[in-house]
Structures are given as structure tokens and as C-alpha cells.
Amino acid sequence: MSIEALQARVENLEEIVAWFVRETRTAIDRLERLAEEDRKEWNRRWEQLSIEREEERKEREEDRKEWNHRWEQLSIEREEERKEREEDRKEWNRRWEQLSIEREEERKEREEDRKEWNHRWEQLSIEREEERKAREEERKTREEYSKKWEDERRSLNKKWSELAQKMGTLVEDIVAPNIEGLALNYFGCKTISTFAPRIKKNNRKDNSRLQEFDCIVICDNFIIVNNTKSTPTVEDINKFIELLKEIFDFFPEAEGKKVIPIFASLYIPKEIVTYLTRKKIYALAMGNDTMDLLNGEELIDLK
């Protein structure tokens, strides 16, 4: 190769190197400018971040102070509440102790009351048992006396009945005066228009029928019809009931008045009295001193 060609290549190479150097320098300058801009941007961002962090720090500091203040306030309040609870606990303990003392005193009082009532109950039980025994003895004595008196009364009534039947004066001497007294004093008769023991009357519908009545009392608003038997039976009562159905045919002057039937005897057994009550007929028999209505209370509605 000739020197001229070599020199040309060298010159060409120098130009390339010069170009490369220029381009490199240009690139380096551009990179340096970019780096400077980046540095400035990052410095700006850092400063901005520093400012924000400082503000956040200040805010956290303020928050910390605020929370510390609140915590201190809460601690004070909680301490006051603790003291109040302690005072309340002491007060409730005092009250509980007082209540326990009072309940113990009440328990002792109840125990004393229980002992006292047990003692009284035992005493009362003893007294009631003694009273029961006394009543039992009294009841037995009364029953013995009543039985004795009942036996004597029955015997006496039977004797009177037999005697009166023999004498034929049971109605006139014993029943009739009591019928009149009942009309005036028990049934409230103001004026007796008819008082007739042993009266015989004809039936207005059948004049041939003649009926004898033991005792008739006619007042202003009622008529008492009495049937008397020395030894009363259910058959006698049934016959009396049938006769009552025709009473106004024998006594037309009493028509419209209330009919008061009275079945009488010196002694009437309990079962006969019960039957008379069921048929709404008064039962009249000897009492202690005079003749009494044996079922007057049961027939009070008929009065």
C-alpha cells in the first residue's frame, strides 16, 4: 500500500475518531443534563417528601399529645370510678353486714315465735282434746237423756192417743184448740168466720155424699183443713190428699181462698213427717207443752 493511501486511511480514521469523540461528548453532555435534571427532580421530590414527612411527624406529635392527654384524662376518670366503686363496695359490704345482722335477729325472732306458737299449739291441742272429750261425754249424756226422753214421750203420747181414742175427744180436746191458735198466731188470721170441729158437710155436686171433717177454720183469705189420726199411715195421708181436691165442693163459701192442709196426731214418726213435707202438708204433733208444727221451717214458703 502506498503512503498516500495509508495517509488517507489515517486521516479517515482520525475523522471517524473525531466524530466518535464529538458524538460521545454530545451523548455524555446529554446524559449529564438528564442526570442533572433527574437529580433536581429527585431533590425536589425528596424535599417535598421531607416536608410531607415533617408535617406527618408534626401531626403524629399532635396526635400523640392529644392521645396522651386523653389517656391521662381517662386514667383520672378511671381512678375516680375505681374510688367510687371502692366506696360503693364498702357501702354495700356495710349494708350487707347490717342486713345479715337484721336477718339473724329476724331468724332468732322467728325461731322464738315458732317455739311460742308450737307451745301454744300443743297447749291448744291439749285443750281441744279435753274439750272434745268433754263434748263427747256431753253428747253421750244428751243422747242418753234424749233417748230416754223420746222413749218416755213416745210412751206418753201413745198412752194419750189410746186414752183420747177411747174417750173420743182427741180432736175436740187437743187438736182443735191448737188449730185455732195456729190460724191466729202462726198463719196471721185476722177474723175467723168459721171454726168447726167434727163438722159434717154434703157435697154440692152430689148431695148424697156426706163427709165428716175433723176441724175446719175459715179466715178472710184462707181455709185450714185438718185431718187427725191416732196412728198415722201413708194411706191415711193419700186419702187426705184426694179429699183436699174436692174441698170447695164441700165448702163453696171458701172457694178462691188459699187451702192450708194440716195432718195431726199426738205422735208422728219421722218418715211420715218427711212424706207430709214432700206432699206440702203441715205435720202437727205433741211437743213439750203443746202441739207443734214439725215441718214449719221446711214449708215456710207456703205460709
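Which residues make the nonpolar surface patch of about 600 Å²? The patch is made by Leu 13, Ile 16, Val 17, Trp 19, Phe 20 and Val 21. A patch of this kind consists of residues with over 30% relative accessible area and no salt bridge, nonpolar side chains (Val, Leu, Ile, Met, Phe, Trp, Tyr) being joined within 5 Å and like charges within 9 Å. Accessible areas come from the Shrake-Rupley method with a 1.4 Å probe, and for residues only the protein chains shown count as cover.

The model is predicted: local features need pLDDT of at least 70, side-chain atom pairs count only at pLDDT 80 or more, and totals for chains, interfaces and linings use all residues. Residues are numbered from 1 along each chain as its sequence is written, and side-chain values use heavy atoms, with hydrogens and water left out.

**Helix H1**

Phe 20, one of the patch residues, lies in helix H1 (residues 3–167). Helices (H or I, at least four residues) and strands (E, at least two) are DSSP runs numbered from the N terminus. Phe 20 counts as exposed because its relative accessibility is 52%; the classes are buried under 20%, exposed over 50% and partly exposed in between (1.4 Å probe, protein chains only).

Helix H1 also holds Glu 116 and Arg 120, four residues apart, or about one turn of the helix. Glu 143 and Arg 139 in H1 have that spacing of four residues as well. Each of these pairs meets in a salt bridge, listed below with a further one. A salt bridge is a side-chain nitrogen of Lys or Arg within 4 Å of a carboxyl oxygen of Asp or Glu, and by this rule the count comes to 27.

| Salt bridge | N to O distance |
|---|---|
| Glu 116 and Arg 120 | 2.9 Å |
| Glu 143 and Arg 139 | 2.3 Å |
| Lys 245 and Glu 242 | 3.2 Å |

Lys 245 is exposed, with a relative accessible area of 62%, whereas Glu 242 is partly exposed at 45%. Salt bridges that share partners join Arg 204, Lys 205, Asp 249 and Glu 255 into one network.

Arg 120 is partly exposed at 44% relative accessibility, and its charged end sits over the ring of Trp 117, 5.0 Å from the ring centre. For such a contact, NZ of Lys or CZ of Arg is within 6 Å of the ring centre and within 35 degrees of the ring normal.

**Strand E3 and its partners**

Seven of the seven residues of strand E3 (residues 222–228) are buried, so E3 is largely enclosed by the rest of the structure. Strand E2 (residues 210–219) runs antiparallel to E3 and is joined to it by four bridges; a hairpin links the two through two residues. E3 and E4 run parallel, with seven bridges. Strands pair if DSSP finds at least two bridges between them. Ile 224 stands opposite Val 217 and opposite Ile 260 in E4.

**Aromatic pairs**

The structure holds six aromatic pairs. Rings of Phe, Tyr and Trp (its six-membered ring) pair if their centres lie within 6.5 Å; planes under 30 degrees apart count as stacked, over 60 as edge-to-face and the rest as tilted. Tyr 186 and Phe 187 form an edge-to-face pair, 4.9 Å centre to centre and 85° between the planes. Phe 240 and Phe 263 form a tilted pair at 6.3 Å and 50°. Phe 240 lies in helix H3 (residues 234–244) and Phe 263 in strand E4 (residues 258–264), so the pair ties together parts that are 23 residues apart in sequence. Both Phe 240 and Phe 263 are buried.
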